[in-house]
Amino acid sequence: MILLVTDQDGVEHRLEALEGWRAMEVMRDWGMNIRAECGGACACATCHVFVDPEWMDKLIPASDEEEAMLDTVADTRKNSRLSCQILMRDELDGLKLELAPSSAK
Amino acid sequence: MSETHITTDVVIIGAGPVGLFAVFELGLLDLKCHLIDILDRPGGQCAELYPEKPIYDIPGFPVISGQELTDNLMKQIEPFGPTFHYNRMINKVKNLDEGGFEVIDDEGQVYRCKVVVVAAGGGSFQPKRPPVPGIEAFEEKSVFYSVRRMEEFKDQDVVIVGGGDSALDWVLSLQPLARSMTLVHRRDNFRAAPASVNEMKELVDAGKMKLILGQIGELTGEEGMLSSMTIKTADEPINIPVTRLLPFFGLTMKLGPVADWGLDLQDNLISVDTEKFETSVPGIFAIGDINTYPGKLKLILSGFHEAALMSQAAKKIIAPEERVIFQYTTSSTKLQKKLGVK
């Protein structure tokens, strides 16, 4: 299973992902520039990503809690999500994400 | 600036769960502690980030919330009478010629101690700065992350950004004295108290303030004083006049001044040994999420273990001549006396 990530410098990475892992965990494990301060508790918004528009519909919509955390980020766009709330599964093989500036360490 | 300094055995920087438990372990060895924290209450991340969220991996507690854990630890360390200093950040740690350390906080208070324990987790909590180019130049002049003096906003074109209680509360407090008031938020949904949201919407309907759905775009101004800014919206960007900007995006953690104390760091974490959890500077220890060593896991329970071992080493520094007998709280009447149960 593959996760395609564009980092804050515009460099593209092809990351091997595992089913059941959070996209945040995959990126952190591969050493991407992601703070993920709270460790996946949907409590900090430092794993903010922009989802490739073509993939937006395949994701489970954000919960109220996730939207509330996204309120604490100054660089959100329409396709903003928290990557700790995206669980990797077969349908998301090849998912394309871009790390937001606000997630940088 | 305080004239007198505080003298104690140990200064603990950070009053999160690990800093709190260190008071217990040090207390059993008769060492007195002062704790300093940038927040206004104990608990660190447990209190600030997830007070209501359940934690499942504290030994002996199948489930406990961040706030409950903090409350329990506060109760557990009560017998040792630690002193807390909140809303303060440590700026400097200096070695003293006669041994020990001088620790200075951002209010100028000086603490003299024999051992320093850094238990600062992810660093100090600071307001999130929006990633807007050039915003630094306006900070503390026309961009503020908190309101200290309301007069600062009188007859100004105020723009507040955010959708939480801080944003809404200050919209309502500052709107009567501002020349103009604009609230900017990314969506038409607020996590602030519903009464405040209704009050804000009434002001908008009455034409007394504006609500714009969007995000901060570019800032324009000279010598630190803002004059206008753009707001990125779903349609075209909007340009509005602004002389005071208040972004309220919550808090984030930064390593902060710790980086300048001459401690060996690795990826913004403090390197320690795994026998004493001592840093590269003898007498300064680092425990909990802020330290690193081979195999480190950022777990509260690991921090507790580190606190226990650190305390043994701290005791040897503070009272080298004293022979420490290892005892259990279950059986030692001496320890039970210290805990106030005998």
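Me: How far apart are the C-alpha centres of domain 1 and domain 2 of chain B?
Reply: They lie 39 Å apart in this predicted model.

Me: And what makes up those two domains of chain B?
Reply: The domain assignment gives residues 6-126 plus 252-338 to domain 1, and residues 135-249 to domain 2.

Me: Okay, on to helix H1 of chain B, residues 17-28. How do you know that its length agrees with what a helix should span?
Reply: Its 12 residues, at 1.5 Å a residue, should span 16 Å. The end C-alpha atoms are 17 Å apart, so the two values agree.

Me: Why is H1(B) called mostly covered?
Reply: A residue counts as buried if 20 or more other C-beta atoms lie within 10 Å of its own. In H1(B), 12 of its 12 residues are buried, so the helix is called mostly covered. Among them are B:Phe21, B:Glu25 and B:Leu28.

Me: What comes after H1(B)?
Reply: B:Asp30 follows, with a positive phi near 65 degrees.

Me: Why are H1(B) and H3(B) called roughly parallel?
Reply: The axes of H1(B) and H3(B), residues 66-77, cross at roughly 20 degrees and come within 9 Å. Angles under 35 degrees count as roughly parallel, so that's the name for this pair.

Me: Which hand does the crossing of H1(B) and H3(B) have?
Reply: That crossing is left-handed.

Me: And which residues meet there, between H1(B) and H3(B)?
Reply: On the H1(B) side, they include B:Pro17, B:Leu20 and B:Phe24. On the H3(B) side, B:Leu69, B:Leu73 and B:Ile77 are among them.

How values were computed. Residues are numbered from 1 along each chain as its sequence is written. Chains are lettered from A and ligands numbered from 1 in the order in which they are written. This is a predicted model: local features need pLDDT of at least 70, side-chain atom pairs count only at pLDDT 80 or more; totals for chains, interfaces and linings use all residues. Domain bounds come from an automatic or database domain assignment. Helices (H or I, at least four residues) and strands (E, at least two) are DSSP runs, numbered from the N terminus. The expected span of a helix is 1.5 Å times one less than its number of residues. Axes are lines fitted to C-alpha atoms, for helices over the stretch in contact, and angles run from 0 to 180 degrees between N-to-C directions. Angles under 35 degrees count as roughly parallel, over 145 as roughly antiparallel, 65 to 115 as roughly perpendicular and the rest as oblique. A crossing is left-handed if the near helix is turned anticlockwise from the far one by less than a right angle, and right-handed if clockwise. Two residues are in contact if their C-beta atoms, placed from the backbone, lie within 7 Å.
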